[in-house]
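I opened this model to go through its helices, its core and its side-chain pairs. My entries follow in the order in which I looked things up.

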Amino acid sequence: MMNSASHLPSRLNKMLARSLTLGTLSALGVLLGLAPNLSGQTARLFDSAAYAQSQEPTFTRYVRAAYKLEITRRPLDEEVKKLTGGNAPSNVCSNVDQVQANVRDRVREICAGFAAQRREIVYKEYKLSQEEFNSFQRQMIDPSTRSEMEAKINAELKRLGLIK
């Protein structure tokens, strides 16, 4: 995935910043009632991999989920860039009205699709509650805990073999 360890900090920071932004926007959507609350759904039977994953510490599941969200987000981001000719506003899913009218509906579809994938990844695949996920996201926003949290995430990504 990454060719050089020297690119790690800047690429990781970009990944974390994007994940933080998307997570924050998604959390705001849930808090504002724009996304369904999935906490009331009954649990499914686990296959062995999902069961093992659910036994991992909450922080590890958060890191795995954030990593998978970033991997999921990248091709969607590229698609939005192609549609907009590279003129997508920052936080495009919150600022869809700033996108050119001729591609606005397609960008909305991409954002809605990502929101659905986010729910699937965070709540179902990694079995994180809304509060658990948001708690880690708040630590990424808070300037007093951000650098410590980034270091912990980086160490966990390395431990998991997701980055070198």
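The notes below start with the ground rules and then take the helices, the core, the rings and the charged pairs.

**Ground rules.** I am working on a predicted model, so I took local features only at pLDDT of at least 70 and side-chain atom pairs only at pLDDT 80 or more, while totals for chains, interfaces and linings use all residues. Residues are numbered from 1 along each chain as its sequence is written, and side-chain values use heavy atoms, with hydrogens and water left out.

**Helix α3.** I took helices as DSSP runs (H or I, at least four residues; strands are E, at least two), numbered from the N terminus. For the expected span of a helix I used 1.5 Å times one less than its number of residues. Helix α3 covers residues 58-84, and its 27 residues should span 39 Å; I find the end C-alpha atoms 37 Å apart, which agrees. I then looked for a bend, defined as the angle between axes fitted to the seven residues ending at a position and the seven starting there. There is a kink of about 25° at R73, shortly before the proline P75. After α3 comes G85, with a positive phi near 65°.

**Helix α4.** I repeated the span check on α4, where 25 residues should give 36 Å; the end C-alpha atoms lie 35 Å apart, which agrees. For exposure I used relative accessible area (1.4 Å probe, protein chains only): buried is under 20%, exposed is over 50%, and partly exposed is in between. The buried residues of α4 include V103, V107, I110, C111 and F114. R118 and R119 are also on that buried list.

Which residues have a positive phi although they are not glycine? N91 is one of them, at about 50°. N91 sits in the loop between α3 and α4 and is partly exposed at 34% relative accessibility. K127 is another, also with a phi of about 50°. I place K127 in the loop between α4 and α5, just after α4. K127 is partly exposed, with a relative accessible area of 26%.

**Core.** I defined a nonpolar core as a set of buried Ala, Val, Leu, Ile, Met, Phe, Trp, Tyr and Cys residues joined through side-chain atoms within 4.5 Å. The largest one has 28 residues, and Y62, V107, V122, L128 and I153 touch the most other members. At least two residues of this core come from each of α3, α4 (101-125), α5 (130-141) and α6 (143-159). The largest share, 8 residues, is supplied by α4.

I then listed the contacts of Y62, with contact meaning heavy atoms within 4.5 Å. Leaving out residues up to four places away in sequence, Y62 touches L128, F133, F136, Q137, M140, M149 and I153.

**Rings.** I paired rings of Phe, Tyr and Trp (its six-membered ring) when their centres lie within 6.5 Å; planes under 30 degrees apart are stacked, over 60 edge-to-face, and the rest tilted. The search of the whole structure returned 4 aromatic pairs. In the pair of Y62 and F133 the ring centres are 5.4 Å apart and the planes stand at 55°, so I logged it as tilted. Y62 is in helix α3 and F133 in helix α5, so the pair ties together parts 71 residues apart in sequence. Both Y62 and F133 are buried. Ring pairs also link F59, Y62, F133 and F136 into a cluster.

**Salt bridges.** My rule was a side-chain nitrogen of Lys or Arg within 4 Å of a carboxyl oxygen of Asp or Glu. It gives 16 salt bridges.

- R106 and E109 form one, with the closest N and O atoms 3.1 Å apart. Both lie in helix α4, 3 residues apart, about one turn. R106 is partly exposed at 34%, and E109 is partly exposed at 49%.
- K124 meets E120 at 3.7 Å, N to O. They are 4 residues apart in helix α4, about one helical turn. K124 is partly exposed at 26%, as is E120 at 35%.
- E156 meets R159 at 2.7 Å, N to O. Both are in helix α6, 3 residues apart. E156 is buried at 10%, whereas R159 is exposed at 56%.
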